[in-house]
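Here is a short note for a colleague who is opening this structure and would like some points to follow while looking at the model.

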Amino acid sequence: MDMEERVAMLEFQVELLFNNTSIDRLFFETKVTREQYNAILNLMDSFRTKIENGEDTHHYAFENAIYQIVPERNGDYHFCEMIAKFFAENGQWDEVFTVLYGDMPKYRGIAK
């Protein structure tokens, strides 16, 4: 990582710390880059659109897409679940969390 990339990463991490939401803390702790962050936002929008269009969606597809974006977290399904859960807790893409994870016993009563 060159100096310019390092400065950009540090600036992004400061933004995440300043926002101080659960999703921002997760991204800070896992060293998600701004590019990865933006790709995750696009993925969340994509899954929302699929849900709105009545397309079949499954958490496996979501998790595999996250692994493509953040290969360092490959196989860490908890990371993927937390992304969807924390966004939902912040009132963002709550339908994505509900559809992908809401039927799991550990999330019953949490998902809308």
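**Notes on the predicted model**

1. Arg73 has a relative accessibility of 25%, so Arg73 counts as partly exposed. In this predicted model, Arg73 forms a salt bridge with Asp76, and the closest N and O atoms of the pair are 2.6 Å apart. The count of salt bridges comes to six, and some of the others are taken up below.

2. Which residue forms a salt bridge with Glu81? The partner is Lys106, with the closest N and O atoms 2.9 Å apart. Because Glu81 lies in helix H5 and Lys106 in the segment after H6, the pair ties together parts that are 25 residues apart in sequence. Glu81 is buried, with a relative accessible area of 2%, whereas Lys106 is partly exposed, with a relative accessible area of 46%.

3. Helix H5 also holds Lys85, whose side chain meets that of Glu89 in a salt bridge of 2.6 Å, N to O. Since Glu89 and Lys85 are four residues apart in helix H5, they are separated by about one helical turn. Lys85 has a relative accessible area of 15% and is therefore buried, while Glu89, at 46% relative accessibility, counts as partly exposed.

4. For Phe28 and Arg6, which are 22 residues apart along the chain, the separation of the C-alpha atoms is 14 Å. Phe28 has its place in helix H2 and is partly exposed, with a relative accessible area of 27%.

5. Where do the residues of the largest nonpolar core come from? This core has 32 residues, and those with the most contacts inside it are Ile40, Phe62, Ile83, Phe87 and Tyr101. The elements that give two or more residues to this core are H1, H2 (22-29), H3 (34-52), H4 (59-69), H5 (77-89) and H6 (94-101). Helix H5 gives the most to this core, with seven residues. As general background, nonpolar side chains tend to be buried together in soluble globular proteins.

6. On the surface, Asp2, Glu4, Glu5 and Glu35 gather in a patch of negative charge. Of these residues, Glu5 lies in helix H1, which covers residues 3-19, and Glu5 counts as partly exposed because its relative accessibility is 45%.

Technical notes. Residues are numbered from 1 along each chain as its sequence is written. This is a predicted model: local features need pLDDT of at least 70, side-chain atom pairs count only at pLDDT 80 or more; totals for chains, interfaces and linings use all residues. Side-chain values use heavy atoms; hydrogens and water are left out. Patches are made of residues with over 30% relative accessible area and no salt bridge: like charges are joined within 9 Å, nonpolar side chains (Val, Leu, Ile, Met, Phe, Trp, Tyr) within 5 Å. Accessible areas come from the Shrake-Rupley method with a 1.4 Å probe; for residues, only the protein chains shown count as cover. A salt bridge is a side-chain nitrogen of Lys or Arg within 4 Å of a carboxyl oxygen of Asp or Glu. Lys and Arg count as positive and Asp and Glu as negative; His and the chain ends are not counted. The place of a charge is taken as NZ of Lys, CZ of Arg, CG of Asp or CD of Glu. Buried means under 20% relative accessible area, exposed over 50%, partly exposed in between (1.4 Å probe, protein chains only). A nonpolar core is a set of buried Ala, Val, Leu, Ile, Met, Phe, Trp, Tyr and Cys residues joined through side-chain atoms within 4.5 Å.
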